[in-house]
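Subject: Structure handover

Hello,

Here is the structure for you to look over. My notes on it follow below.

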Amino acid sequence: MKTSLLASLLAVLPLACQQPEPEYGLARIALDAISERLQAADSTSLHPRAEMPVPSSSLQYARERRTPEGTLERLGTERIELDAGRVVLVEEPGTPEERRSVLCDRVAPLLEGEVRNGRDDNGNGLIDEPGLCFVRYGNLVTVYLTAAGETFSTAVTLRYALAISSTEHSPRG
Ligand SMILES: [Ca+2]
Ligand SMILES: [Ca+2]
């Protein structure tokens, strides 16, 4: 047993030594930032729709907030996109006021565990999905990110979608 344990350690050690210095969860920080932005997204404004099972590597949306008076106020349009291996937040895209900021770099071409082969290799229901992708199911947008050697996903409920769907809901039967 000791011999096999030592052999395992020796096999792992060179890999461990090659690891870059700790990045303190850049991918996690970026995903939290994306999640925060998306929480204010108006579900009717999403482009593309990114509906299951077809993900998108970019998502544009209009942000809103509820005023103290209870009405919705539009805050502006944003797009989060994968650009040359970086996650970029584009505020007011396509206007003279357009601003671009990098949320994270070193994004993998494909999500962890995925191989470009027309099949779902990592078992998340998506095929050959990129290292940053958005997929929507109803009022829920799931964001997947593999960057700097880490993989995270988060599910964001589009809060204004909830307000809209509750008023549009018509009971069946
Ligand atoms: Ca695949
Ligand atoms: Ca997959």
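Buried residues, meaning those with 20 or more other C-beta atoms within 10 Å of their own (C-beta atoms being placed from the backbone), make up 23% of the 173 residues in the protein. This is a predicted model, in which local features need pLDDT of at least 70, side-chain atom pairs count only at pLDDT 80 or more, and totals for chains, interfaces and linings use all residues. Residues are numbered from 1 along each chain as its sequence is written, and chains are lettered from A and ligands numbered from 1 in the order in which they are written.

The protein has three helices and seven strands, in the sequence pattern α-α-β-β-β-β-β-β-β-α. Helices (H or I, at least four residues) and strands (E, at least two) are DSSP runs, numbered from the N terminus.

On confidence: pLDDT, the predictor's confidence in each residue from 0 to 100, averages 85, and 79% of the residues score at least 70. A contact here means C-beta atoms, placed from the backbone, within 7 Å. Where pLDDT is low, the predicted coordinates should not be read in detail.

On the sheet: β1-β2-β3-β4 is the strand order of an open, four-stranded sheet with antiparallel pairing. Strands count as paired if DSSP finds at least two bridges between them. β1 and β4 are the edge strands with a single partner each, so one side of each has no neighbour in the sheet. Between β3 and β4 there are five bridges, and V90 stands opposite R100 in β4. Helix α2 lies across β2, β3 and β4, at about 135° to β4; axes are lines fitted to C-alpha atoms, for helices over the stretch in contact, and angles run from 0 to 180 degrees between N-to-C directions.

On the core: the largest nonpolar core has 28 residues, and A30, I34, V87, C104, V143 and L145 have the most contacts inside it. Such a core is a set of buried Ala, Val, Leu, Ile, Met, Phe, Trp, Tyr and Cys residues joined through C-beta atoms within 7 Å. Elements giving it two or more residues include α2 (26–38), β2 (72–83) and β6 (140–147). Leaving out residues up to four places away in sequence, L145 touches A27, A30, L31, G131, L132, T151 and F152.

Regards

Conventions. A residue is buried if 20 or more other C-beta atoms lie within 10 Å of its own, exposed if 12 or fewer, and partly exposed in between; C-beta atoms are placed from the backbone. Two residues are in contact if their C-beta atoms, placed from the backbone, lie within 7 Å.
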